[in-house]
Amino acid sequence: LSGIGLFAKNVIRLFGNSKINKVNIKGELELGDNLDKSVFNEHIEEIIYFFERTRYNVVIIEDLDRFESTDIFTKLREINILLNNSKLIDREINFLYAIKDEMFVDNKERVKFFEYIIPVIPFINPSNAGDQLTKMIDEANLKGILSKDFTEDVVTFIDDIDMRLLINIFHEYQLYRNNLIDDIDQDCLFAIITYKNLFPTDFGKLQKKQGDLYTFLSNKTQYIETLTKKISDKINLKNSEIQKITNESNNTINELRYIYIQEIQQKIPIATSLYLNKIVSFPELLQEDAFEELKTKTSIRYNYFTTSRHYNGYFEQIINADSGISFSDIEKSINSYSFQEREGFIESKKNNTTEKLRIDIEKLKNKKIEIESWKLQQIFDELDINDYLKGFSEKNALIGNLLLNGYINENYNDYISLFHAVNLTKDDYSFERRIKSGLYSPFD
């Protein structure tokens, strides 16, 4: 009994010093002083004491909407009631919340939590942000550095723009502008800084040659191939037309008609004439009206002579028969092209169409060479850019505008990195950039 007593004493002392809150014995058993105590409940006395010892009567609470839950407002309302009902506090305490309207979907829920709602009119939005940006540009003595059309366009496409974002974009632009070389397009620099602020993660990847924007810009070769392939297809089509015209051996329509009439005679050797609207001899088929009617026949009828024996002797008789042969059957037996197509080839010979086609081919080849040196902005004057913006999950309108107008382009490295004069001087580098961009430079 003494041994059991000593063991129990040591166990009690051990648990007393360890502050164990939970023991697992095929389940959970919770122990300790923190049971059913929230942060508010545990510190409510300190909260009341704070207002008792100070003269504050307004508590401003911000950014609760980041929790995406309205439960916290219930607890805060309870605390507010406790403070105002406390006999130790001789004044009214008001809680002021700064939250978004969309925090409460149900309009009844809004009025349940708050006694008074003060709407805040946004200071800027996409419709007036351009004016604020113009004001900042004027105050920084940068008027004329950024084009008016660009500044109005770029902020219009930022749906969730606010003053803090606009100020940050402008300050970063000034920092980059003061550290990069002078001979860069300032609209392009502001565009890339705007992208940096809206897509910071993808901008970070851009410097590592990764991410959505890098993928889009680095696929320029594929976009060029898409355009040049269309031109190559046109060139092949025109070459094919030239070949067809050249391979046509007949020079007149009558020569061509004679070939088809001759084929009919071979198919129906006993025929002496054909029956169209009237009996037509084979030479008469060379006439346009007769031949045009022949082309419509799905089964050619013909006449032939036969000799019959009569008790008085022999006599000849004209028989009208159906050959079961259509004009299209005659066309297929002669050539893979129809009569109408071959007729067109002959007309093309007369009109010197082959020479015109060769001139067109030469122009297309020159256009193909020209496209290979196009900028992205020129490429997407021909291609629909929306087909290539699927990698961007949001703000496609903004990205599309910046890319279509050439504000963000394949020369992005000039706007995100410093130039170090090693093999090239700063002036040499500027000259090289102007040459690549096709810009005019003074002779000196």
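N352 is partly exposed, with a relative accessible area of 44%. The scale here: buried is under 20% relative accessible area, exposed is over 50%, and partly exposed lies in between, with a 1.4 Å probe and protein chains only. N352 sits in the loop between helix 15 (339-350) and helix 16 (353-371). Its phi is near 60°, a positive value in a residue other than glycine. Helices are DSSP runs of H or I with at least four residues, strands are runs of E with at least two, and both are numbered from the N terminus.

A word on the basis. This is a predicted model, where local features need pLDDT of at least 70 and side-chain atom pairs count only at pLDDT 80 or more, while totals for chains, interfaces and linings use all residues. Residues are numbered from 1 along each chain as its sequence is written, and side-chain values use heavy atoms, leaving out hydrogens and water.

Next, D63. Phi is positive here too, about 60°, and D63 is not a glycine. D63 belongs to the loop between strand 3 (58-62) and helix 3. At 38% relative accessibility, D63 is partly exposed.

Now a helix pair. The axes of helix 12 (residues 253-267) and helix 14 (residues 327-334) come within 10 Å and cross at roughly 105°. So helix 12 is roughly perpendicular to helix 14; that class covers 65 to 115 degrees. From helix 12, I259, Y260, E263, I264 and K267 meet F327, I330, E331, S333 and I334 of helix 14. Contact means heavy atoms within 4.5 Å. By class, the contact has 6 nonpolar, 1 polar and 3 charged residues.

On to open space. The largest pocket holds about 1,600 Å³. Its lining has 37 residues, and Y97, A98, I99, K100 and V120 are the closest to the centre. On a 1 Å grid over the protein atoms alone, a pocket is an open set with protein on both sides within 12 Å along at least five of seven lines; a cavity is a set of points where a 1.4 Å probe fits but cannot get out; lining residues have an atom within 4 Å of a point. Helix 3 (71-85), strand 4 (94-98), helix 4 (107-113) and helix 7 (163-179) each supply at least two lining residues. The pocket lining has 22 nonpolar, 3 polar and 12 charged residues.

The whole structure has 1 cavity of 30 Å³ or more. Residues lining the largest cavity include C188, I192 and Y407. That lining has 6 nonpolar, 2 polar and no charged residues.

Conventions
Points joined across faces, edges and corners; volume = space filled by probe spheres on them. Nonpolar A, V, L, I, M, F, W, Y, C, P; charged D, E, K, R; others polar. Axes fitted to C-alpha atoms, helices over the stretch in contact; angles between N-to-C directions. Parallel < 35°, antiparallel > 145°, perpendicular 65-115°, else oblique.
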